[in-house]
Amino acid sequence: MTDLVAALRTTRGIVTLVLLVLLAVLPLLTQAFDQRYLLSIGTRVLIWAIAAVSLNLILGYGGMVSFGHAVFFGTGGYAVGILAHHGIASGWIQWPVAIAASALWALVVGALSLRTRGLYFIMITLAFAQLLYYVGVGLEAYGADDGLNIGRSRFAGLIDLRDKASFYWLCLALLCATLWFCSRFANSRFGLVIRGAKSNELRMAALGFPVFRYRLAAFTISGAFGGLSGILMANEGAYISPAMMSWVKSGDLIVIVVLGGMGTLFGPLYGTIAFFLLEESLKPLLDLLRKGWGEYWQIVFGPMLVLIALYARGGIDSLMGRSRG
Amino acid sequence: MAEPLLSTDRLIKRFGGLVATDTVSIDVRPGEIHALIGPNGAGKTTLVSQLTGYLRPDSGTIRFAGRDITRLPMHARVRLGLARSFQITSVLREFTALDNVALAVQAHAGHSFRFLADARRDESLLGPARQGLADVGLAARADTPAAILSHGEQRQLEIAMALAGDPRLLLLDEPMAGMGAEESQRMIGFLRDLKSKRAMLLIEHDMDAVFQLADRITVLVYGRAIASGTPAEIRADPDVRQAYLGEEAA
Amino acid sequence: MDYLLLQVLNGVQLGLLMFLLAAGLTLTFGIMDLVNLAHGSLYMMGAYIAWTFVGWTDSFVLGALLALPATFLLGVVVEMVVARRLYARDHLDQVLATFGLILFFNELVRVIWGPAGKSLAVPAFLNRTVEILPGVPYPAYRFAIIVVGAVVAVLLAWLVARTRLGMLIRAGASNRRMIGALGVDIELLFTLVFGLGAVFAGLAGLMAAPITSVKIGMGDDILILAFVIIVIGGIGSIKGAFVAAMLVGQIDIVGRAFLPDFLKTFLSSAAASSAAPAISQVLVYVVMAGVLVWRPTGLFGQRA
């Protein structure tokens with residue numbers, strides 16, 4: 001508790017508190033000003049933030065540059081979608097299955113890829129994501145390229161996911177739960193092993209840690225949380241398609257984590273908000289310069305990424321001073 | 001004579017055409033310091049790498065505490081009590097000195113699949129870690145990030161990390177490398193005090209240190225152990241004088 | 001039998017195209033330690049630039065010959081403006097920055113050439129078939145790709161094995177500091193190698209254009225395949241890239257050609273023909289996973 005009070009006295013604490021309060025009341029604001037579009041963007045921000053936090057567990061804390069994290073949008077989403085397609089609408093069945101499927105896929109990919117290093121690791125994670133992407137493309141029964149419209153998960157009597165505001169708050173609650181886990185993880189025995197292995201893998205092995213096992217566990221946990229974001233994504237649009245796991249989305253997730261601040265608790269959330277803000281503001285800004293230019297926002301965004309990579313490694317989080325530990 | 005704690009039997013390691021370890025059989029007995037010396041490129045680091053499990057020998061066996069560990073991975077050997085320090089300082093630079101040693105303690109405190117409890121407040125880790133730092137004279141630097149410790153302090157930290165698991169045998173790969181005369185002397189004193197409690201295999205260039213500390217010395221040249229014996233025997237060995245000590249001893 | 005031969009040749013042709021792309025990638029990674037995701041953008045730019053030049057000159061060959069120096073220049077500019085700042089950085093920075101370049105180039109193409117794809121016609125003199133064996137016709141254009149690809153592969157092998165530049169390249173692949181010590185202008189060497197990679201990528205792109213059509217993002221999927229190839233072959237190894245490219249070419253084409261018939265034995269015809277390309281893609285990744293489990297640094301990679 002004293003920790004919390006102390007944390008709230010820092011810039012980071014104030015910014016985060018304001019941000020969380022704003023996120024919590026967003027549905028009320030969008031309703032008051034009749035901006036439903038904003039609520040749907042807000043929901044997507046929360047879903048992406050969960051995915052980004054899950055990637056940060058391995059990329060930020062563990063130094064594992066996984067270039068295939070969007071695949072978990074797919075594993076989570078398709079598990080829900082396929083079950084829904086076959087008439088199993090209950091979220092109580094869909095969600096655990098989807099999370100288990102995502103964790104299992106992460107376990108398999110991790111077991112094969114964590115034996116490699118450097119570029120090999122980056123590329124093998126990308127390749128496994130592509131593999132599932134093409135499986136999705138080839139699944140004629142589930143819409144192949146075009147994807148599939150699905151019914152939303154049902155939690156009878158508890159929550160109606162078709163209600164936009166309820167769904168938004170559910171996403172927010174799950175994001176908070178994910179962040180809570182991450183905050184505990186970061187300084188737990190397990191988290192310290194993962195962070196130590198990022199700093200100096202050989203040293204950790206020489207201390208007696210079977211690094212591979214810990215990394216594999218972290219990869220699997222990360223996949224499970226990634227799967228959660230996939231579940232939410234499928235429910236957000238009531239739709240699944242291979243495009244959910246396109247490699248560009250994996251790239252976007254890396255961008256978000258780096259932009260927000262790798263290996264920091266709230267960095268992924270900052271990064272997601274900044275990413276969506278950039279996208280939504282670059283378009284009208286360019287349109288202001290000349291009508292129609294907004295469509296080409298990535299011509300500005302691309303070079304911005306280059307600059308971020310070259311000059312802004314600490315990410316947004318570092319703007320608020322050094323973080324603890 | 002006591003049963004050796006660590007022994008190798010006709011260890012061979014080749015890199016392409018080069019025989020880096022050529023049929024080496026050495027042993028370390030409980031409570032002794034066995035020093036491994038030899039000119040640069042003699043294969044000392046290659047030999048140590050096989051003992052720690054970083055490299056796998058092409059043939060031969062390694063036994064530790066009565067077990068064949070030739071095929072055990074690195075972390076499993078450490079668990080058995082075979083700890084090492086690195087030739088090039090190897091600490092977790094982003095972590096504080098205390099965190100470094102606490103992780104070393106943690107490595108020997110059962111599995112680390114604990115996800116929620118705050119390890120940085122865990123007295124069962126921090127207590128022994130503080131003690132370990134105090135033992136090597138780093139108590140005052142506990143909260144300093146390892147990256148900004150002086151070179152000598154980092155070497156001390158390495159030793160504290162290696163000792164954290166209460167190992168039966170320490171492999172010290174040039175612990176005095178890059179140290180000033182005063183720091184070296186302090187380290188020699190520290191290792192001598194340690195000797196009663198654990199066996200050590202010492203790889204070192206500093207001949208003063210070796211002859212002060214070692215009970216036995218093995219000389220490695222081109223991957224072969226050309227001589228082995230007490231410091232006095234090694235000093236007197238004509239092969240060694242010719243092949244290695246040269247004018248230095250003359 | 002003839003059908004099989006034709007498909008194998010198609011696989012060789014695809015493999016050679018991908019080898020051109022992979023060769024540049026493996027050189028830039030082996031020598032400059034750069035993960036260049038934007039390599040596929042150079043492939044795309046090569047195709048678009050060629051499309052423009054072919055329009056101006058009204059000749060495929062002339063347009064292609066003009067496009068090659070243009071992609072070289074483009075490569076040099078990319079190297080000098082962005083890539084050289086990334087050599088000393090870690091892989092994550094490189095991935096991020098070159099990912100940004102992909103977005104930039106895809107959008108740039110949309111601005112300059114518009115969102116619709118372009119088609120580039122097969123040049124008239126190659127718009128026929130040649131008899132590769134008595135009674136076995138093969139499209140002349142595809143055959144020309146095989147010839148050009150093979151010539152470039154041989155040239156590259158000669159360049160790396162026999163010339164001073166190649167010696168420097170090989171030295172760089174094993175010891176980058178040494179080149180500096182030799183007194184070679186290392187910056188110039190890196191720029192040249194990057195430009196050379198760009199030319200190969202551009203050549204692959206413009207040769208593929210009449211077969212696949214010229215469109216935004218055309219370099220992205222094939223880039224991932226090219227990475228798969230250098231990972232299978234072993235990063236930094238030209239020989240590995242060649243062997244793996246041939247392997248991947250065969251898997252892809254043979255999969256596409258023969259899987260539908262095989263799948264039709266237990267799937268509906270429509271389902272079989274839509275699943276087959278996806279499955280042959282999946283096969284490529286399965287092969288890569290298999291190779292990496294067996295040899296974590298690829299077939300011809302240096303052991304870590």
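User: What share of the 250 residues of chain B counts as buried?
Analyst: This is a predicted model, in which local features need pLDDT of at least 70 and side-chain atom pairs count only at pLDDT 80 or more, while totals for chains, interfaces and linings use all residues. Residues are numbered from 1 along each chain as its sequence is written; chains are lettered from A and ligands numbered from 1 in the order in which they are written. A residue is buried if 20 or more other C-beta atoms lie within 10 Å of its own, exposed if 12 or fewer, and partly exposed in between, with C-beta atoms placed from the backbone. By that count, the buried share of the 250 residues of chain B is 45%.

User: What radius of gyration does chain B have?
Analyst: The C-alpha trace of chain B spans about 60 × 40 × 40 Å along its principal axes. The globule rule is 2.2 Å times the number of residues to the power 0.38, and the radius is taken over C-alpha atoms. For 250 residues a compact globule would come out near 18 Å, and chain B agrees, with 18 Å.

User: In chain B, what part of the contacts with a separation of 6 or more comes from residues 24 or more positions apart?
Analyst: Two residues are in contact if their C-beta atoms, placed from the backbone, lie within 7 Å. Of the contacts in chain B with a separation of 6 or more, residues 24 or more positions apart account for 65%.

User: What is the strand order of the open sheet in chain B?
Analyst: Helices (H or I, at least four residues) and strands (E, at least two) are DSSP runs numbered from the N terminus, and two strands pair if DSSP finds at least two bridges between them. Chain B has nine helices and 11 strands. The edges of the sheet are β7 (82-85) and β11 (224-229), each pairing on one side only. Pairing is mixed across the six strands, and the order is β7-β8-β9-β4-β10-β11.

User: Which strands of chain B does helix α5 (residues 151-163) touch?
Analyst: Helix α1 (44-52) of chain B lies across β4, β7, β8 (169-173), β9 and β10, at about 150 degrees to β8(B). Helix α5(B) also packs on the sheet, at about 170 degrees to β7(B), and the strands touched are β7 and β8.

User: Is the crossing of α1(C) and α9(C) left-handed or right-handed?
Analyst: The axes of α1 (2-32) and α9 (218-233) of chain C come within 9 Å and cross at roughly 65 degrees. The contact includes C:Leu21 and C:Leu25 of α1(C) and C:Ile222 and C:Phe227 of α9(C). A crossing is left-handed if the near helix is turned anticlockwise from the far one by less than a right angle, and right-handed if clockwise. This one is right-handed.

User: Which residue in the hairpin of β1(C) and β2(C) takes a positive phi?
Analyst: Four bridges join β1 (129-133) to β2 (136-139) of chain C in the antiparallel sense, with C:Glu131 partnered by C:Pro137. Two residues lie between the strands, and the positive phi, near 80 degrees, belongs to C:Gly135.

User: Of the two pairs of chains in contact, which share the most contacts?
Analyst: Chains B and C do not touch; their nearest C-alpha atoms are 11 Å apart. Between the two touching pairs, the most contacts are shared by chains A and C.

Key
Axes are lines fitted to C-alpha atoms, for helices over the stretch in contact, and angles run from 0 to 180 degrees between N-to-C directions.
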